[in-house]
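Got your viewer open and a selection tool ready? Here is a short tour of what to click on and what turns up there.

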Amino acid sequence: MKPKTGDFNRAAASALADADVQRNMRGLYDGFHMARERAAEATPNWEDLRDRARAVKAHTIEYLDHYLGMAAENVERAGGKVFFAKDADEASRYILDLAAARGVKTVIKSKSMLSEEMGLNARLEEAGVEPVETDLGEYLIQLRGETPYHIVAPALHLSKEQVADLLQEEIGGPRYERAEDLTAAAREQLRGKFFEADMGITGANFLVAETGTLVLVTNEGNGRMCTSMPKVHVAIMGMEKVVPSMEDMGMFLRLLIRSATGQRLSSYVTLVNGVRRDDDVDGPEEFHLVVVDNGRSKMLADPALREALYCLRCGACLNACPVYRKVGGHSYGWVYSGPIGAVVSPMLTSLPDAKDLPYASSLCGACREVCPVRIDIPRMLLHMRSDLAEGGPHSGSPRASLAERLTMKAWRLAVARPWMLRLANRLARLAQRPLVKDGRLRKLPPPLSAWTRHRTFPAVASRPFRDRWRSELRKSRRDG
Ligand code: SF4
């Protein structure tokens with residue numbers, strides 16, 4: 001699945017002009033973000049927890065092969081099967097072959113960003129298997145044929161009225177007005193599917209290496225139904241989701257849930273250990289864990305981008321981001337949006353295809369402030385910008401144009417020599433005359449024309465700062 005991020009500017013402009021989207025997004029900051037702030041304040045040693053979590057993540061990613069090996073051994077000891085897939089194709093093929101071998105016709109799914117990344121629903125449909133999303137938000141965007149708008153709240157962009165229209169159109173019956181009735185209508189549709197399905201597919205919030213335990217965090221209980229009702233449970237997991245121990249998992253749960261929604265604990269935390277045992281009341285007869293790379297090794301290999309793998313997918317950076325809050329999730333053109341999406345999407349696909357995304361940020365640092373594992377997203381965005389400009393290893397394209405590089409070289413020479421800077425300043429003041437309007441430069445000539453395509457520049461001052469400074473100094477000395 002390729003991102004369509006080349007259209008970021010156009011998509012962002014249309015989201016900004018869409019009154020519905022702007023209205024529906026308004027609650028994001030006052031809701032999720034403020035709830036996270038209150039939860040952080042109420043949690044003793046919150047900052048220490050963040051430091052510890054970051055250290056554990058750094059250690060686990062450093063020794064990822066060791067912890068994945070340990071986790072796989074323990075999953076198999078509990079009767080599960082583990083498959084390591086190098087990409088989305090390989091992972092999907094494993095699941096499709098399994099579905100064909102077991103005669104699966106319907107699959108119930110619990111929310112998984114990795115499944116979106118793999119384009120798994122489309123692949124299942126092509127193979128004649130019906131995928132049914134059972135998280136309410138995911139169910140709604142599946143009906144609309146969309147990707148998630150937000151990591152935690154996939155249908156965030158839809159108002160109650162839009163949901164009412166959608167459900168009436170897709171499942172028939174009366175047009176409900178109240179949220180409770182809309183939820184009940186969706187629930188009724190899904191209930192039958194839970195009984196019908198032969199396979200459940202879930203993601204994984206964590207995999208505990210020392211026990212082989214899969215951990216799912218949900219608020220609707222659908223994850224628990226997907227893992228316990230069908231005969232076959234397949235969990236798909238990005239390879240970075242492993243944590244060393246149960247003790248670590250407790251810490252990450254606290255950080256993840258409070259950062260995501262501000263809850264102390266989500267309504268359901270489901271722990272899955274392999275297949276159903278003789279004295280279990282429910283559970284799958286088969287459990288398969290598919291561990292997916294799909295570009296993550298590329299991030300692992302780059303020390304400047306590796307920390308993106310620490311991400312817990314809590315969504316706090318999206319809620320804090322002034323850009324995301326205005327342009328919304330679909331402007332990013334792929335599955336992952338917001339600040340972390342601007343780093344992850346280009347790396348999991350290709351930087352040239354997603355080259356707008358590193359620039360979709362004001363670099364204000366709000367994302368870094370709220371991240372439970374202190375991921376330095378602005379630094380990574382700058383790294384990717386420099387990669388693009390300098391023709392670095394991820395850019396897949398030649399460096400910036402010759403004209404731009406020569407301009408930058410000339411600028412570097414000038415700022416290092418005061419006489420040259422003075423001369424350049426004088427020349428610029430003369431050259432800018434026909435271009436200045438109301439003190440702003442509205443249209444720069446090539447090769448700098450791209451700089452004024454979407455913004456204006458302040459004109460070069462009529463008197464340089466150094467001259468004003470000098471005369472101020474002289475004046476203050478004179479005045480004693
Ligand atoms: S980068 Fe940090 S804040 Fe953003 S989703 Fe990941 S863990 Fe949450």
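Helix α17 covers residues 338–348, helix α19 covers residues 377–390, and they pack at about 40° with axes 9 Å apart. Axes here are lines fitted to C-alpha atoms over the stretch in contact, and angles run from 0 to 180 degrees between N-to-C directions. Helices are DSSP runs (H or I, at least four residues), numbered from the N terminus.

Now show side chains. Pro339, Ile340, Ala342, Val343, Pro346 and Met347 of α17 touch Ile377, Met380, Leu381 and Met384 of α19, contact meaning heavy atoms within 4.5 Å.

A word on the model: it is predicted, with local features needing pLDDT of at least 70 and side-chain atom pairs pLDDT 80 or more, while totals for chains, interfaces and linings use all residues. Residues are numbered from 1 along each chain as its sequence is written, and side-chain values use heavy atoms, leaving out hydrogens and water.

**Stop two: a roughly parallel pair**

Next, pick residues 160–171 (α10) and 179–196 (α11), whose axes come within 10 Å and cross at roughly 30°. That makes α10 and α11 roughly parallel to each other. Which residues meet here? Lys160, Val163, Ala164, Leu167 and Ile171 in α10 meet Ala179, Leu182, Ala185 and Gln189 in α11.

**Last stop**

Finish at residues 418–431, helix α21, where you'll find Leu427.

Conventions: Helix = DSSP H or I, 4+ residues; strand = E, 2+ residues; numbered from the N terminus. Parallel < 35°, antiparallel > 145°, perpendicular 65-115°, else oblique.
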